[in-house]
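Have the view open while you read, and take the points in order.

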Amino acid sequence: MKFRSYVLVFLAAFAGSLFLASCLNEDNKIPPNCFDGCKNNGEEEIDCGGPCEKKCDHCINGRWDPGIEFGETWVDCGGPDCPPCPSCSNGILDPNETGIDCGSNCGPCSSLCGDGLLNGHETAIDCVSDTLYKYECEMCPTCDDEVINGFEAGIDCGDPNALCPPCISSGNCTNGVTDGAEFWIDCGGPSCYACTDTLGYRTSANSPIVYTPSDQIDATFNGLVFNVLGETTDNGSFELNIGEPNVGWLDFPDGGTFTLGPTAPVINTAFIKYTNSAGIVFNTNSVGGSGTITIVKFATEFNNLGVPVNFFRLTYSGVLKSTNGAIYNIANGLIMVSI
């Protein structure tokens with residue numbers, strides 16, 4: 001019986017400790033206060049700080065609290081109140097370390113690149129300037145690194161905190177819309193990254209996309225004729241050709257459409273051609289062929305390197321015919337290239 005009594009007393013004490021350690025408000029519905037075991041009521045930590053009379057123990061809050069009030073040497077250590085800092089977490093480059101608080105027996109420096117502290121090989125908090133350590137942390141943003149980082153709105157521009165110059169474009173290359181002098185959504189123009197060359201279509205509304213890898217798209221523009229070629233993922237080849245419209249390229253409206261086919265009005269030279277893996281040629285200009293090409297946007301501007309660029313984004317579809325009457329359908333086509 002005595003043993004059983006001891007067990008019962010132990011279980012009761014254990015249950016009581018769990019009850020006392022838990023947040024009381026959920027079950028008891030009492031107003032927030034400074035002894036309910038919850039972080040609420042504007043408290044800095046559970047039942048301390050803020051409106052509570054009890055001050056929080058700054059030596060266990062996981063933050064570095066330097067300055068006159070607390071005087072910590074590093075996170076939760078040093079100063080008049082906290083225990084001395086261990087050598088691997090004191091914010092100092094000790095003799096056996098390769099970086100501040102890392103290397104040797106202190107662990108890898110890369111593990112410190114997200115702790116919000118200036119340590120390891122970092123030049124600024126959680127970033128490095130020396131390319132020798134670029135695999136440990138991200139490179140610190142600069143106004144001449146040719147990437148959009150920090151608080152920049154475009155490539156090396158638009159970050160007043162870093163004293164970067166204003167962007168030539170009034171747009172923002174990271175906001176998910178086409179604005180400023182961008183060619184398309186967050187790409188192209190004098191401040192944004194180049195738009196990715198794209199050539200693709202479907203053979204029906206729900207079929208897999210037939211496309212050409214971006215690095216294999218061959219597009220040319222001589223000021224009069226736009227032509228694009230590509231070897232497709234179904235082992236065929238694709239060609240689209242548009243001659244200058246009668247109003248000229250610059251005056252041709254965005255959203256303007258070319259009608260294709262042998263019966264179309266002869267106002268331009270335009271066609272879509274596909275050659276399959278067996279060498280059979282299908283063309284909108286063949287008898288019975290038809291199609292449309294819509295110029296979503298044409299722009300001639302300078303890119304962020306100051307180089308003049310012609311930008312085309314167009315959609316297309318068509319019924320392509322071979323000389324023996326066979327049909328190759330194209331739907332939902334998209335081409336986007338910078339030349």
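Which residues form one aromatic cluster? The members are F221, F226, W249, F252, F258, F298 and F312.

Some ground rules before the points. This is a predicted model, where local features need pLDDT of at least 70, side-chain atom pairs count only at pLDDT 80 or more, and totals for chains, interfaces and linings use all residues. Residues are numbered from 1 along each chain as its sequence is written, and side-chain values use heavy atoms, with hydrogens and water left out.

1. Start with the pair F221 and F298, which both belong to that aromatic cluster. Rings of Phe, Tyr and Trp (its six-membered ring) pair if their centres lie within 6.5 Å; planes under 30 degrees apart count as stacked, over 60 as edge-to-face and the rest as tilted. The structure holds 18 aromatic pairs. The ring centres of F221 and F298 are 6.0 Å apart and the planes sit at 65 degrees, so this pair is edge-to-face. It links distant parts of the chain, with F221 in strand β5 (residues 218-221) and F298 in strand β11 (residues 290-302), 77 residues apart. Strands here are DSSP runs (E, at least two residues), as are helices (H or I, at least four), numbered from the N terminus.

2. F221 counts as buried at 17%, and F298 is buried at 14%.

3. Next, look at Y201 and Y328. Their ring centres are 6.3 Å apart and their planes at 80 degrees, so the pair is edge-to-face. Y201 lies in strand β3 and Y328 in strand β13 (residues 327-338), so the pair ties together parts 127 residues apart in sequence. Both Y201 and Y328 are buried.

4. While you are in strand β5, find T220. At 41% relative accessibility, T220 counts as partly exposed. What does T220 touch, not counting residues up to four places away in sequence? The list is V225, F226, N227 and I339, where contact means heavy atoms within 4.5 Å. The C-alpha atoms of T220 and I339 are separated by 6.8 Å, although the two residues are 119 apart along the chain.

5. On to the cysteines: how many disulfides does the structure hold? It has 12, a disulfide being a pair of cysteine sulfur atoms within 2.5 Å. Take C34 and C52 as one example, with their sulfur atoms 2.1 Å apart. The link of C34 and C52 is left-handed, with -90 degrees about the S-S bond. C34 and C52 each lie in the loop between α2 (25-28) and α3, so the pair ties together parts 18 residues apart in sequence. C34 is partly exposed at 30%, whereas C52 is buried at 8%.

6. Another disulfide is formed by C88 and C106, whose sulfur atoms are 2.0 Å apart. The torsion about the S-S bond of C88 and C106 is about -70 degrees, so this disulfide is left-handed. C88 and C106 each lie in the loop between α3 and β1, and the pair ties together parts 18 residues apart in sequence. C88 is partly exposed with a relative accessible area of 25%, while C106 is buried at 16%.

7. Now compare C127 and C140, which are joined by a disulfide (S to S 2.0 Å). With 95 degrees about the S-S bond, the link of C127 and C140 is right-handed. C127 lies in strand β1 and C140 in the loop between β2 and β3, so the pair ties together parts 13 residues apart in sequence. C127 is buried at 9%, and C140 is buried at 10%.

8. Last, a backbone check. Most residues other than glycine have a negative phi. D101 has a positive phi of about 65 degrees although it is not a glycine. D101 sits in the loop between α3 (67-70) and β1 (127-128), and counts as buried at 5%. D186 also has a positive phi, near 55 degrees. Its place is in the loop between β2 (138-139) and β3 (198-202), and D186 is buried at 18%.

Notes: Buried < 20%, exposed > 50% of the residue type's maximum accessible area, 1.4 Å probe, protein only.
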